[in-house]
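Let's take a walk through a protein model together.

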Amino acid sequence: MATDKLTVEDLLSFPALQLRVLAGERGLRRSVSWAHVSELTDPTPWLLGAEVIMTAGIAVPRSAAGQRAYLERLDDAGVSALAVSAQLHVPPLHDALLRAADERGMPLLEVPLAVPFIAVAQEVAAAVQEDARQRLGAQLQVFGALRWLASEDLDTTMLFRRLERLSGYEVYLCTPQGRPLLPGVPAPPDPGVLPSSVDAAPTIPGGFAVPVLTPGGTAGFLVAFERQGARPAGLAVVQHIATVAALQVAMVRHQRETVRREGAEILAELLQGVLDPAVARRRLHRFSIEGEAVLLVVRGVRDDVLTQSLDEHPHLLLSRGEDRYLLGPPDLGAAVAALPAVAAGMSRPFPSGESLRVAEREALWAVSKAAESGRPLVAYGTDTTGRWLPDDPAVLATLVEHVLGEVLRYDRAHGSALLASVRTWMERDRRTEAAAEALHVHPNTLAYRLRRFSALTGRDLASTGAFAEVWLAVRAAERLGLME
């Protein structure tokens, strides 16, 4: 044989077969993996590719259009050649069929009546026997990959490079959406090769695409393309590599879950204030959190979405009811802000390992502002006036009582919303129409509330001094939780 692989041209050289080319000579270099008899009009769901399909003619349509479509179906499925029996049940072959074979380079062969199909199948089986031994050896070596994992501690990249060498394929791994599935193994350059479902046929042009099945469902797909000059070991080996990939995915997920739980415990201890700063810094160093850190409180996003989106960012994650607490470097805020439908609040940066008492209060305040305003992320301290407020609750309470006490009591007694209306108006830079729209009231109603507020507080909001005093008092009331 001219090459390591059996080809259609090789079959023509076997004297006992007496095969004759009717059309499609351009495809004689196609490799052959098997020879199979089929009298189905569409056998493609049961094919793997590189087969010689033999038919006595029962499956061949009688119309020109039907014959062309029949050949095209086989070619699209990766069939190497179509062999029809001379005489028997073969209908007249139309020029449309011969032209299609020539156009596609799909060999159309004739088997003499004196040559039984079993003879063709036996010749092919004998010719590929050596290749079958090589494939079996490759399968056994793939099983050996489990031993490599245990004894050599190979990383994922080196493991799959070995699997590529012994299988004869370029191997890619991806999620069902086409993203990388394991670190160190690239996703296929063209996501269009991915099957539409796990039940789809594994054969794709130039190789195979098989699902990577884990206990939680389909983690993704393994795509294997034949390497130039290599001897591909076949579908069974590719499926075994997918099993190794599934085990590796399960290991990575287990490791990540262990790390995530450890991180959650550390964050819980930091929030409780039970860790010595030096101990906390050592533990955070293991998570690559050093120098300055921030605390974020996130709402509206599930744990799995956060974990997947922040996979490349050092962080600790802790769930508390509907809130997700995140601790990490300051650039964590930008990654969180990019999430869809998120509301997040971020503290000011602080030295990692320090107490989170102040940072937690800042993050909670900021997330409430994010939820109110519809912004994805509010960082504490962007309010340039609120940063000047003291941390002492007693001082804040005195300021609130001095400036807003009468208004708070009026709102409670009458079920009104004077203070909330003034805050909304101030937050919108005193634009009455915009504030009224946010409050769902008429501008005249808002104007009345502003006048009533001024009367109760004795402060004219047109005055710069009075405006500044009221603004600070509003921020103090928010800090104390006196405003919704």
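Is threonine 214 buried or exposed? Before we look, keep in mind that this is a predicted model, where local features need pLDDT of at least 70, side-chain atom pairs count only at pLDDT 80 or more, and totals for chains, interfaces and linings use all residues. Residues are numbered from 1 along each chain as its sequence is written, and side-chain values use heavy atoms, leaving out hydrogens and water.

Threonine 214 is buried, because its relative accessible area is 11% (buried means under 20%, exposed over 50%, partly exposed in between, with a 1.4 Å probe and protein chains only). You'll find threonine 214 in strand E8, residues 207–214 (strands, E, at least two residues, and helices, H or I, at least four, are DSSP runs numbered from the N terminus). Who are its neighbours? Leaving aside residues up to four places away in sequence, threonine 214 touches Ala219, Ala246, Val249 and Arg253 (contact means heavy atoms within 4.5 Å). A polar atom of the threonine 214 side chain also sits 2.8 Å from the backbone oxygen of glycine 217.

Now hop over to helix H13 (residues 418–427) and helix H15 (residues 443–457), which pack at an angle of about 110 degrees with axes 9 Å apart (axes are lines fitted to C-alpha atoms, for helices over the stretch in contact, and angles run from 0 to 180 degrees between N-to-C directions). So H13 is roughly perpendicular to H15 (that label covers 65 to 115 degrees; under 35 is roughly parallel, over 145 roughly antiparallel, and the rest oblique). On the H13 side, the contact includes Leu418 and Trp425, while Phe453 is one of the residues from H15.

Terms used. Polar contact = N/O pair within 3.5 Å; in protein donor to acceptor, adjacent residues only side chain to side chain.
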